[in-house]
Every structure is written in C-alpha cells, then in structure tokens.
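Please read these points with the model open beside you.

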Amino acid sequence: MSEPTAAAGLLLDLVNSRLVYGDRVDDELDDVRGAAWLRAHGAPAEASDLADAREVRDALVGVLRGTRSPDVLGPWLDEMARRPELAAEGGLVWRDRDGDGRRVGGAAIREWAALQSPTGSRIRPCAAPDCQHFFIDTSRANARRWHSMETCGNREKARRHYAKAAV
C-alpha cells in the first residue's frame, strides 16, 4: 500500500476545516478565508468550488462519523469520469474529470476511496469524546485511536487512570 497521507492532503484538511468550540465556529471555508484555502490546496477558487467544498465536507464528515450513508456521495460520483488523453510525448495518459461545480468533491472522494482497505478505513475520527479531528491511520495494524497521542491519547489515558483511582 502506498503511503496514505501522501495522497490525502486535500481530504484530511477538508474534513478538519470546520471545528466547533462551544458557541464559536472556526470554519476555514468561510466567506473570508475560503478562496485562499482552496487555492492553497490547488483547487479553483470560484464560488461554485467553495460551495462544493462545503457540501462535500458535510457529506464526508457524516460518512466518516457513521451518521450518513456513503450513498450521500452519489451526486459527486455521478459527475466523476476517467478519460484517456494522448500525451505530448506519445502514448496515453488517464485524466480524472469532474463535472463543473464538483471538482473539489471529486478530488476529495478519490482520496477517500484510496484510504479504504480490507481492514477498514484508514481515515477516521479521533476516539476522544471531546475531539472533532480526523486522522489517517498509518499504523501497520490500522488500529490507531487518537489524532494526537500527545493531546487526546494522554487525556484519555489520564481519565481512565483517575477513574480507576477513584474507585
């Protein structure tokens, strides 16, 4: 298997681009920062692309958390195609094509598909109940639980330790 994180920069950043802290929302795809976020990820920054990024983000977050069926990705799948083109130096190259207004979603879904394996998805939500982050599990056993051992993992271990000590 190729290195999963190398192929999933857009996807991971996309699903982690909106975090809620109490009554405050930090959304990197808001009207102020959204176009810059898209350009930084090599995506077109038109209004339709920003709307697509927001819509596919919500769909993918639901799929990854298990609150929505993968069928919700259907509108993007219907627009995705792979076509051969003649290369300048001869031969054929295959190019992914997405429908207008579905370019960000198509790219993110291809990255998501590449992270599915027989042992489960390599991209998943952090297991800490107070964390909203997603991560890509690069462990051999595909058994990592936390997006960050230093923060979420240590907090969870400390909670279990104190709960046992209180008994």
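The points below go from the overall build to single residues.

1. Basis. This is a predicted model, where local features need pLDDT of at least 70, side-chain atom pairs count only at pLDDT 80 or more, and totals for chains, interfaces and linings use all residues. Residues are numbered from 1 along each chain as its sequence is written, and side-chain values use heavy atoms, without hydrogens or water.

2. Overall build. The protein chain holds 6 helices and 8 strands. Both are DSSP runs numbered from the N terminus: helices are H or I with at least four residues, strands are E with at least two. From the N terminus, the order is α-β-β-α-α-α-β-β-α-β-β-β-β-α. Of the 167 residues in the chain, 36% are buried. Buried means under 20% relative accessible area, exposed over 50%, and partly exposed in between, with a 1.4 Å probe on protein chains only.

3. Strand β1 (residues 18-21) pairs with strand β2 (residues 24-27). The two are antiparallel and share 4 bridges; pairing requires at least two DSSP bridges between strands. Arg18 faces Asp27 in β2. The hairpin has 2 residues between its strands, and Gly22 has a positive phi near 60 degrees.

4. The β3-β4 hairpin. Strand β3 (residues 81-86) and strand β4 (residues 92-97) run antiparallel, joined by 6 bridges. Here 5 residues lie between the strands. Gly90, in the turn, has a positive phi of about 100 degrees. Pro84 stands opposite Trp94 in β4. How many of the 6 residues of β3 are buried? The count is 0, so β3 is hardly covered under the cut-off for buried.

5. The largest pocket. Its space is about 190 Å³. A pocket is an open set of points on a 1 Å grid over the protein atoms alone, with protein on both sides within 12 Å along at least five of seven lines; lining residues have an atom within 4 Å of a point. The volume is the space filled by probe spheres set on the points, which are joined across faces, edges and corners. Residues in the lining include Leu10, His41, Asp96, Arg97, Arg103 and Arg110. β4 and α5 (103-114) each supply at least two lining residues. The largest share, 4 residues, comes from α5. By type, the lining has 5 nonpolar, 2 polar and 5 charged residues. Nonpolar covers Ala, Val, Leu, Ile, Met, Phe, Trp, Tyr, Cys and Pro; charged covers Asp, Glu, Lys and Arg; the others, Gly among them, are polar.

6. Arg102 and its contacts. The charged end of Arg102 sits over the ring of Trp76, 4.7 Å from the ring centre. Such a contact needs NZ of Lys or CZ of Arg within 6 Å of the centre and within 35 degrees of the ring normal. Pro75 belongs to helix α4 (residues 74-77). The C-alpha atoms of Pro75 and Arg102 are separated by 8.5 Å, with the two residues 27 apart along the chain. Pro75 is partly exposed, at 35% relative accessible area.

7. Asn142. This residue is in the loop between β8 (134-136) and α6 (149-166). Is Asn142 buried or exposed? Asn142 is buried, with a relative accessible area of 7%. Asn142 also has a positive phi of about 55 degrees, although it is not a glycine. Most residues other than glycine have a negative phi.

Methods:
1 Å grid on protein atoms, 1.4 Å probe; cavity = no way out; pocket = protein on both sides within 12 Å on 5 of 7 lines; lining within 4 Å.
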